[in-house]
Amino acid sequence: MFDLSAQSVVVTGGGTGLGRAITLAMARSGATVFIAGRRPDALYSVAALASAEGLVVVPVPTDISERSEVEALVQTVLDRTGRLDTFVNNAGGADRDDTGPLIDLDVDQFERVISLNLTWTFFAAQSAARAMTRGGSIINITSRSATGANPMTGQYGAAKAAIENLTRTMAVEWGHRGIRVNAVAPGLVITENNSQVYLTVSRLRRQLATVPLQRLGRPDDVGPACVYLASDEAQWVSGVVVPVNGGSTIPVGLLTYLHHRNSEVMDAAAFQENFDLSRKEGED
């Protein structure tokens, strides 16, 4: 089951974090994996690790926000293997400089996040679909943030929600081409990129309290879901969003945001003023 040995696969953002785990999961299932990203050193590091295991991973430095580079990436795959079977749209995120309360965001902060996580994610999928002349699988990596309030990174959550909607539309429009389009929506997964942000005792406790399986995600939790969606076993699965979140449905930033806001405003005086427990029930 889940044999990808005949497949050519692209993973964007494949050098670190989730992309690295997805790349190795695909390669260990037999695929030839082309990994794209803006950090050549990370790409070559993953390729070397894969080579040591006897796997085939080809680094292709690419900035997905440049249309010509995405098209060159797809052409590289076609030139090397003659086919493109699976395209994993994993590249995305939001820099710290682009996060903050919605009321304070400027146009550039908003558009940078929307552009990377929505605009260029879509056009990467479009380039892949045009090359999939024999059908294929497109997998968009979204987020638990797509389905709930996402304080401090609201435009990121909005972009991911839009990608989930586009995923369903692409599945409908491209189905006659034999192209399946699905999304994977991870919960909070600890990676080398976010561990310094999330690994505090108080934040871990708040997050763990929302996860029925009582642990946070690991990158290796996400790769197998992508392998399934790429495989023949999922040949009648299209237009769905697969949550990989330990059973949690609460966006990552919501509890932390509320915790900090409540800590700021609910000091003893404010608590007494707003929630005077000495009032009798029914009093104004």
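Predicted model: local features only at pLDDT ≥ 70, side-chain atom pairs only at ≥ 80, totals over all residues.

Visitor: Start with helix 4 and helix 5. How close do their axes come, and at what angle do they cross?

Guide: Look at distance and angle together. The axes of helix 4 (residues 107–131) and helix 5 (residues 154–174) come within 9 Å. They cross at roughly 20°. That makes helix 4 roughly parallel to helix 5, because angles under 35 degrees count as roughly parallel.

Visitor: Is the crossing of helix 4 and helix 5 left-handed or right-handed?

Guide: Helix 4 passes helix 5 in a right-handed crossing.

Visitor: Which residues meet between helix 4 and helix 5?

Guide: From helix 4, the contact residues include Phe110, Val113, Ile114, Asn117, Leu118, Thr121 and Phe122. From helix 5, they include Tyr156, Ala159, Lys160, Ile163, Leu166, Met170 and Trp174. By class, the contact of helix 4 with helix 5 has 14 nonpolar, five polar and one charged residues.

Visitor: Now helix 1 and helix 2. How do I read that pair?

Guide: The axes of helix 1 (residues 17–28) and helix 2 come within 11 Å and cross at roughly 30°. Helix 1 and helix 2 are therefore roughly parallel to each other. Helix 1 passes helix 2 in a right-handed crossing. Arg20, Thr23 and Leu24 in helix 1 meet Val46, Leu49 and Ala50 in helix 2. That contact has four nonpolar, one polar and one charged residues.

Visitor: Turn to strand 5. How many of its residues are buried?

Guide: For a strand, check both faces. In strand 5 (residues 136–141), six of six residues are buried. Gly136, Ile138 and Asn140 point one way. Ser137, Ile139 and Ile141 point the other way. Both sets are buried.

Visitor: How many bridges join strand 4 to strand 5?

Guide: Count bridges, then note direction. Four bridges join strand 4 (residues 86–89) to strand 5, and the two run parallel. Phenylalanine 87 stands opposite isoleucine 138 in strand 5.

Visitor: What separates the C-alpha atoms of glycine 54 and arginine 28?

Guide: Compare chain separation with spatial distance. Glycine 54 and arginine 28 are 26 residues apart along the chain. Their C-alpha atoms are separated by 9.1 Å.

Note on methods: Residues numbered from 1 in each chain as written. Heavy atoms only, no water. Axes fitted to C-alpha atoms, helices over the stretch in contact; angles between N-to-C directions. Parallel < 35°, antiparallel > 145°, perpendicular 65-115°, else oblique. Left-handed = near helix turned anticlockwise from the far one by under 90°. Contact = heavy atoms within 4.5 Å. Nonpolar A, V, L, I, M, F, W, Y, C, P; charged D, E, K, R; others polar. Buried < 20%, exposed > 50% of the residue type's maximum accessible area, 1.4 Å probe, protein only. Pairing = 2+ DSSP bridges.
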